[in-house]
Amino acid sequence: MKTNEVLQQDVEDALLWEPLLDAAEIGVSVKNGIVTLSGIVDNYLKKMQAEKAAKNVAGVKAVVEEIEVRLPGSKFKSDFDIAEEVVATLNDNWNIPIEKIGIKVENGYVYLSGTIPWNYQKEAAKRMVQSISGVKDIVNLIQVEAEPNKAIDRQKLIDALLRHWAINATNIQVEVTGNTVTLKGFVSSLYQKEEAERVVWKTPGVMGVDNQLNILFD
């Protein structure tokens, strides 16, 4: 198992490789395999990129994200301006049923709510909003109600996991009970664990995921 010092260096190196980030803006501390990210960035996308980079480092058990989004002093965006841009951005994606999504903006925080049929639509809504200037954070409260009683094709799900470039799925076991999928076994990073769950949520008929994957440290 990596020491805290080695893990901290690995995370700092990972941040250096991200083209969107200025690693000097982001502080990294590690205790017992838990990484805390701190600092100030000028947009939400940088905040998410830093979190993703840290999660992709082998040996990271969890990430505590304390990065603050703050626009440069000369710039200001009202909640109304942000809300207008959120609506326009989601409207531009025909795949997102904006009529089923509630939007609230308060002090730069964007709250998404409502009920939609697919998890990938929920993810797409957040992904599009996170690139909007002035957004400090996104609280994604959208609920997913998949088509009920649709049988889950376990083999197609396994094949999808095996195809994913970032996941070593050879050590993942997939169990299907009704419309719930349970993942067991081992992966090499927190990022792989989350990616495996993301693949499952894209599978037709899935209404619940029990992610029991363990992270196998070097």
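## Close-up views of the predicted model

**View A. Arg198 is partly exposed, with a relative accessible area of 28%.** Here buried means under 20% relative accessible area, exposed means over 50%, and partly exposed lies in between, as computed with a 1.4 Å probe on protein chains only. The model is predicted, so local features are described only at pLDDT of at least 70 and side-chain atom pairs count only at pLDDT 80 or more, whereas totals for chains, interfaces and linings use all residues. Residues are numbered from 1 along each chain as its sequence is written, and side-chain values use heavy atoms, with hydrogens and water left out. Arg198 forms a salt bridge with Glu123, the closest N and O atoms being 3.3 Å apart; the term stands for a side-chain nitrogen of Lys or Arg within 4 Å of a carboxyl oxygen of Asp or Glu. This pair links distant parts of the chain, since Arg198 belongs to helix 6 and Glu123 to helix 4 (residues 119-129), 75 residues apart. Helices (H or I, at least four residues) and strands (E, at least two) are DSSP runs, numbered from the N terminus. Glu123 counts as partly exposed, at 21% relative accessibility.

**View B. Salt bridges that share partners join Lys47, Glu65 and Asp137 into one network, and two further pairs are described alongside.** By the rule used here, the count comes to 12 salt bridges. One of them brings together the side chains of Glu51 and Lys55, at 2.8 Å from N to O. These two residues both lie in helix 2, 4 residues apart, or about one turn of the helix, and Glu51 and Lys55 are both buried. Another salt bridge joins the side chains of Glu68 and Arg70, at 3.0 Å from N to O. In that pair, Glu68 is partly exposed at 37% relative accessibility, and Arg70 is partly exposed as well, with a relative accessible area of 42%.

**View C. Glu194 lies in helix 6 (residues 190-201) and reaches Lys55 through a side-chain contact.** The two side chains make a polar contact at 3.0 Å; such a contact is a pair of N or O atoms within 3.5 Å, where, within protein, one must be able to donate a hydrogen and the other to accept it, and residues adjacent in sequence count only if both atoms are side-chain atoms. Glu194 is partly exposed, with a relative accessible area of 27%. From C-alpha to C-alpha, Glu194 and Thr177 are 20 Å apart in space, while 17 residues separate them in sequence.

**View D. Three strands form an open sheet in the order 1-2-3, with mixed pairing.** Strands of a sheet pair through backbone hydrogen bonds, either parallel or antiparallel; two strands are taken to pair if DSSP finds at least two bridges between them. Strand 1 (26-31) and strand 3 (62-69) are the edge strands, each pairing on one side only, and the twist averages 10° from one strand to the next. Strand 2 (residues 34-41) is joined to strand 3 by 8 bridges, and these two strands run parallel. Leu37 stands opposite Glu65 in strand 3. Helix 2 (residues 44-55) packs on the sheet and touches strand 1, strand 2 and strand 3, its direction making about 160° with that of strand 3. Axes are lines fitted to C-alpha atoms, for helices over the stretch in contact, and angles run from 0 to 180 degrees between N-to-C directions.

**View E. The largest nonpolar core has 41 residues, and those with the most contacts inside it are Val11, Leu15 and Leu37.** A nonpolar core is a set of buried Ala, Val, Leu, Ile, Met, Phe, Trp, Tyr and Cys residues joined through side-chain atoms within 4.5 Å. Helix 2 gives the most to this core, with 5 residues. Not counting residues up to four places away in sequence, Leu15 touches Leu21, Ala23, Ile26, Val28, Ala50 and Ala53, where contact means heavy atoms within 4.5 Å. A second, separate core of 17 residues includes Ile152, Val199, Val200 and Leu213.

**View F. Asn32 and Asn107 sit in loops between strands.** Asn32 is in the loop between strand 1 and strand 2, and its phi is near 55°, a positive value in a residue other than glycine. Asn32 counts as exposed, at 53% relative accessibility. Asn107 is found in the loop between strand 4 (101-106) and strand 5 (109-116), with phi near 55°, and counts as exposed at 53% relative accessibility.
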